[in-house]
Amino acid sequence: MINRELIRIKIVQLTYAYYQNGNKNMDNAEKELLFSLSKAYDLYNYLLDLILAISKEERRRVEIATQRAQREGTDIPSTKFIDNRFTLQLEENKMLADFNEAKKLTWADDIEFIRKMCALIEQSQIYTDYMSAEEDNYEADREVWRKIYRQMIQDNSDLEALLEEKSLYWNDDKEVVDTFVLKTIKRFDPKNKAKQELLPEYKDAEDKDFAIKLFRATILNADQYQRFMSETSRNWDFSRLAYMDVIIMQIAIAEMLTFPNIPVSVTINEYVELAKLYSTPRSGAYINGMLDAIARHLSETGKMFKTLANPVRPQTTDNQ
């Protein structure tokens, strides 16, 4: 589940924190990086468990409504939503159950939020259409939860505030983790029953190795990478660079030089996007031009052996 996009985000955050921290201990910083990534995987499982917490509360509501209907002689409420085949399969999922047992993750202390979510779902057009539809199969049951997640969980300010209270590590994780939860829902197959595989923490050992190597290269070769920036920034005032811009370019250079199989264009694009997210409004265009110039400098001086695309014309910025 932890992909390279998330790894790059964490390395930007942890590199910045490393320089802000007076006690610069590389081993401790590396442990913090891996712990931060593991917390993202906790969030993935926790958000899957949110579906179960909502389903459990809906079941309680239907039981109460059924008892009242029996006393009053009125219509018994439909059990279609609580009998949803996807959520029943998720409840039985061995990987999720084992993870939650080991981590002791639970939504039990957030029942007011769960009840608010239930009310939001019950009042939605998604719920109304699902409950009235003649279609009654596993695919429809799975799809209604994909719709609920996309429209009511993926962009939910109350949920984001609640998660922030639980872990500072989750501040910037949810947007990426949401995509993996949706992917997991789509992958569920009734034939797999309780043995349906969830996404692993890392796709393979190579991705975990990528995180460690990139972080160590960024920190240990900082002086050399910043010299490359200075040598290449003749048309820019290097001293006026935003501090986060320097951090982001330092990591990008580390990636260019440490991983020969990652194309330069991929690296530049990834860090331009991170600059837009974490630095100033002008940083994306500036870093795009700077990294292109640095890559050509590294290639021309024999420090990097990669095929380069056509030159990128840097946009004019105040730093020029």
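Student: What does the protein chain average in pLDDT?
Tutor: The protein chain averages a pLDDT of 92, and 94% of the residues score at least 70. pLDDT is the predictor's confidence in each residue, from 0 to 100. This is a predicted model, so local features need pLDDT of at least 70 and side-chain atom pairs count only at pLDDT 80 or more, while totals for chains, interfaces and linings use all residues. Residues are numbered from 1 along each chain as its sequence is written, and side-chain values use heavy atoms, with hydrogens and water left out.

Student: Where does pLDDT stay under 50?
Tutor: Over residues 312-320, for which the model has 19 contacts beyond four places in sequence. Contact means heavy atoms within 4.5 Å.

Student: OK, overall fold. How many helices and strands?
Tutor: The protein chain has 14 helices and 0 strands. Those are DSSP runs numbered from the N terminus: H or I with at least four residues for helices, E with at least two for strands. The C-alpha trace spans about 85 × 40 × 35 Å along its principal axes.

Student: How do α2 and α5 cross?
Tutor: At roughly 75 degrees, and their axes come within 9 Å. That makes α2 roughly perpendicular to α5. Axes here are lines fitted to C-alpha atoms, for helices over the stretch in contact, and angles run from 0 to 180 degrees between N-to-C directions. Under 35 degrees counts as roughly parallel, over 145 as roughly antiparallel, 65 to 115 as roughly perpendicular, and the rest as oblique.

Student: Which residues of α2 meet α5?
Tutor: Among them are Leu50, Ile54, Glu57 and Arg61 in α2, and the α5 side includes Phe113, Arg115, Met117 and Glu122. By class, the contact divides into 10 nonpolar, no polar and 6 charged residues. Ala, Val, Leu, Ile, Met, Phe, Trp, Tyr, Cys and Pro count as nonpolar, Asp, Glu, Lys and Arg as charged, and the others, Gly among them, as polar.

Student: And at what angle do α2 and α7 pack?
Tutor: About 105 degrees, with the axes 12 Å apart; α7 is residues 138-153. That makes α2 roughly perpendicular to α7. Leu47, Leu50, Ile51, Ile54 and Ser55 in α2 meet Trp145, Tyr149 and Ile153 in α7. This contact has 7 nonpolar, 1 polar and no charged residues.

Student: Switching to rings. How many aromatic pairs are there in the whole structure?
Tutor: A search finds 14. One is Tyr46 with Trp107, stacked at 4.1 Å centre to centre with 10 degrees between the planes. Rings of Phe, Tyr and Trp (its six-membered ring) pair if their centres lie within 6.5 Å; planes under 30 degrees apart count as stacked, over 60 as edge-to-face and the rest as tilted.

Student: Which parts does the Tyr46 and Trp107 pair tie together?
Tutor: Tyr46 lies in α2 (residues 26-72) and Trp107 in the loop between α4 (94-103) and α5 (111-122), so the pair ties together parts 61 residues apart in sequence.
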